[in-house]
Amino acid sequence: MKVIIDRRPIWVIVLVRSLRPIFFLALGFIFWYLINIPTPSGLTIQGQRALALFVVCLILWVTDALPLAITSLMAIVMVPLLGVMDKKAAYALFGNEAVFFILGAFILSAAVMHSGLASRIAVLIMDRFGNTPKGLLASIFLLAAVLSFFMSEHAVAAMLFPIVLEIAKGLNLKPGKSNYAKSLFLALAWGCVIGGVATFLGGARVPLAAGMLKEATGITIGFFEYTMVVFPTVVILLFIGYIGLTRFFPQDIQDIHLAKDVFARKIKGLGKMGYTEYAVGILMLITISSWLLFSRMAGIANIAIIAVVALFVLKLVRWKDIEEYVNWGIILMYGGAITLGAAMEKSGAAAWLANTVIGDWANSPVLVIAVFSLLTILLTEGMSNAAVIAILLPVSIGMAGRFNLDPQIITYAIAIPAGLAFCFPMSTPANAIAVSSGYITARDMAKAGIVMMITAWIVFNIMAKVYWPILGIKI
Amino acid sequence: MKKTKTYLHNPGYLKIDLMLCGIRLNENAVKSLGIDLSTGYTGITGGLDIILPYKTWVNAPFLEDFAKNSPYELIQKDGKAFIKREGESVKVKIIPKPDFYKLKTTTGIPLSKIGNMHGSYVAITPDTRCEFFNMNIECRYCAGNFNSKGGVVYSVEEVLETVEAAYKEGKAEIVYLSIGFSETPDGGIEFLKPYIKAIKKHFNTIVAVEALPPKENKFIDETYAVGADSVLYNMEIFDEKLFKEICPGRDELIGRNRYINALKYAAKVFPNGTVASNLIVGLEPAESTMRGIDFLTDLGVVPILPIYRPVSSVKLLSYKIPSLDEIAPVYKHLYHAVKKNRINMNWVRDISVITTPIEAMFFTGDMSRFKTMMHKFYKSKLGLKTVWGLSTLRRKLRVREVGEG
């Protein structure tokens, strides 16, 4: 730990330190006020309480005043305490399929990382296709995206970062100045972001949305079904993203033979492919195929957990190896968000809130989707994408009923844009990792990211209007 | 006659004159005042602790040869102690050596070897080695407790036992930790950290640390963060040339500029009035000391002015002890400089072996401050507790620990 002495005037420090207790007092007051005002017409007393809790959680999620997981745990406890749901029912929601799918996905991703298979694939692909500056840029961008189809995008960013950093250093690129270095790190971040929305595996937010939808309406979204809906959008965004990378940061390097030395060193360091890598690779192929083919029948969580069991039966990983890769906080967070979402839905608070807030002016399904996707894509730039889903999905599902809109559609309209965070380091860990390199500044990222964000929103809405009906999803 | 009166009845003058001349004690006074001569009354800080009027502490030598010719005599009348000079006397209080000096740690070390009382301070040097001695570049006036050959290291537990004994007896109010030079970049604070932490964990007390200026300012931050309420980086000599001559180790291995920069930085980190530096009076011309006072106070640093008193083991025997008339203007200057720079004078308090800035006020002839409620409050136990509480709160507010990333 490093010690920092705050040398501001003491009154400034006292004022700043007082903000936290004042904030929580104010939050307590808001909660008390919302609970005690006369119940508005159309809302039940349980709905009013669920809404009060939702507002408190929303503020805590947005401000990050408490860790996301702790806010979610608080929500699980408060739902039965406020009489919105039965105690058993509230805690049972934590056993949701989505939570166990996320757990399984984390463990599988950890096994792929730990075995060294992910690094090997990454280095070999970059070595094979990265013969020119543009080839190398494209291979990093696409590799990050494709790996994020199968693993958590955060894990992919963390795994590829040291390799890209070594390439930048190997090529003697100047931090903060080299356009090519900026494009390499942005390719890493954007590749992960775009690829991360392609399947259930890229981030835990899609399973969360699917879980919330199932709890609220009983409707399930399959692994294959989701991928079919989103995949063309991903392909178009990857294409536009690559154009953007080369336009925003025109190439200022011609020779990349020094990067080849980096790959040669890495490949030598990896040695020959061992039993564990083969076995993990085969197991992953079987698992992904099962998700694509049998997810509706067998359930995505079941497939994930069976694959995890197989990992341990075959002794491919040890529990100790897994523990450091599993984000237990996210699992707790999702359990709580699903509980709160279900409480909002079942108490009628979600529908009431949707009608009251945007019911009067969002007068068509297309507009509803456009508004929610815009809200989502804007919010996700500044806060956790899971928190965005937890906040917007219950309200939007409430809106769906009003327009006879399939709740599945509104779930896509939230779950997909929630992953598309291009602008800021705090938007998603992949962006933060890229900026932490020192080769690209937050300002560079924001400049290119804002254009990409607007483009992504437009592409998403065009695809919803044009492509989804081909799949039978009518708005 | 006029001067005698001034000296005797002005605690500031009297304190310094007693430190310079010592005091005579006859056998009757020794007996009736219960002074046990077996408990270490020799050495540079081993004299008799006396409280003069206005609660002014002084450590007066009485066993040394020069004390036999002192104009001052300690007499006893009706069980009360007085200092007498040329027929005039002033009532004082004698502080016997603490009882804990007779105790030993559980490891068998006499507590008097580990901790020494100087007024309300219990001074402890957990590691008595100083590498300057090994390189023959030790400070030429040094006859203190640092020595490379005979140096010892006391454990945290032994130090804690000493502090506990001093507090139980009600003698100590402030813990003063010091360390000699070692070739580490941290100025010794890494070594002292566990001691400071342990003392702060077990006692609600103020801890002052005397160390060497570290190479990097982050160690000054850590000194404050770990629990030191006050820090001293002692320049000792302000004059550049004399600094080189008298403190060759400090000059070669630390550098005068580093002293200045470290003090400047520390004054911004620690509370007002808690960063101090010694300037020894008598080892450089008075004008130079006064320039040093101005320089340090401009930085927000409290100059502390011990008087040079050679003992047989030091290398600077040829220096003569300055006279009170030479010293008095320096202390007067000290008070004005500290006041002008609005430096809090209440932190450095109740030390018997040096004259504190607030005691320097006696040399201005204005004693009004000693009668104010605020001064009395600061001097009280409650005042000390308040100072400790505010210091702890300030640290809590100012110190933040962050991950290295």
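Predicted model: local features only at pLDDT ≥ 70, side-chain atom pairs only at ≥ 80, totals over all residues.
Chain A contains 22 helices and 1 strand, and buried residues account for 49% of its 475 residues. Among the contacts in chain A that link residues at least 6 apart in sequence, 82% join residues at least 24 apart. Chain B, by its element count, has 15 helices and 14 strands, and 45% of its 405 residues are buried. For chain B, the corresponding share of contacts that join residues at least 24 apart, taken among those between residues at least 6 apart in sequence, is 73%.

One helix pair in chain A may be described in detail. Helix α7 of chain A, which spans residues 133–150, and helix α11 of chain A, which spans residues 223–248, have axes that come within 11 Å and cross at roughly 145 degrees, and the crossing of α7(A) and α11(A) is right-handed. On the α7(A) side the contact is made by A:L137, A:A138, A:F141, A:L142 and A:A145, while α11(A) contributes A:L238, A:G241, A:Y242 and A:L245. Sorted by class, the residues of this contact comprise 8 nonpolar and 1 polar, with no charged residues.

The largest nonpolar core of the model has 170 residues, and those with the most contacts inside it are A:I140, A:A144, A:L184, A:L188, A:Y334, A:A386 and A:I389. Helix α5 of chain A, covering residues 97–115, provides the largest share of this core, with 14 residues. When residues up to four places away in sequence are left out of account, A:Y334 touches A:A98, A:V99, A:I102, A:A204, A:L208 and A:A386. Another core lies apart from the largest one and has 114 residues, among them B:C139, B:I246, B:A328 and B:Y331.

In chain B, an open sheet of 7 strands has the order β7-β8-β9-β10-β11-β12-β13, with mixed pairing. Strands β7 (115–118) and β13 (302–304) of chain B each have a single partner strand and stand at the edges, so that one side of each is left without a neighbour in the sheet. Neighbouring strands of the sheet are turned against each other by 25 degrees on average, direction ignored. Helix α7 of chain B, formed by residues 189–202, lies across β9 (174–178) and β10 (206–210) of chain B and runs at about 165 degrees to β10(B).

Helix α12 of chain B, which covers residues 286–299, includes B:R291. This residue, B:R291, counts as partly exposed because it has 16 C-beta neighbours inside 10 Å. Although B:R291 and B:D239 are 52 residues apart in sequence, their C-alpha atoms are 8.7 Å apart in space.

A further set of paired strands in chain B involves β2, β3 and β6. Strand β2 of chain B (residues 48–52) is mostly covered, with 4 of its 5 residues buried. Its antiparallel pairing with strand β3 of chain B (residues 56–60) extends over 5 bridges, and within that pairing B:D49 stands opposite B:N59 in β3(B). The two strands β2(B) and β3(B) form a hairpin with 3 residues between them, and B:Y54 in the turn has a positive phi of about 60 degrees. Strand β2(B) also pairs in the antiparallel sense with strand β6 of chain B (residues 88–95), over 3 bridges, and B:I51 has B:K93 in β6(B) as its bridge partner.

The contact between the two chains takes 11 residues from chain A and 15 residues from chain B. On the side of chain A that touches chain B, β1 (2–5) and α1 (10–36) of chain A each supply at least two residues. By class, this side of chain A has 7 nonpolar and 4 charged residues, and no polar ones. Strand pairing also crosses between the chains, where β1(A) and strand β14 of chain B (residues 399–402) pair in the antiparallel sense over 4 bridges. In this pairing, A:I5 stands opposite B:V399 in β14(B).

Methods: Residues numbered from 1 in each chain as written. Chains lettered and ligands numbered in written order. Contact = placed C-beta atoms within 7 Å. Nonpolar A, V, L, I, M, F, W, Y, C, P; charged D, E, K, R; others polar. Pairing = 2+ DSSP bridges. Buried ≥ 20, exposed ≤ 12 C-beta atoms within 10 Å, placed from the backbone. Axes fitted to C-alpha atoms, helices over the stretch in contact; angles between N-to-C directions. Left-handed = near helix turned anticlockwise from the far one by under 90°. Core = buried A, V, L, I, M, F, W, Y, C linked by C-beta atoms within 7 Å.
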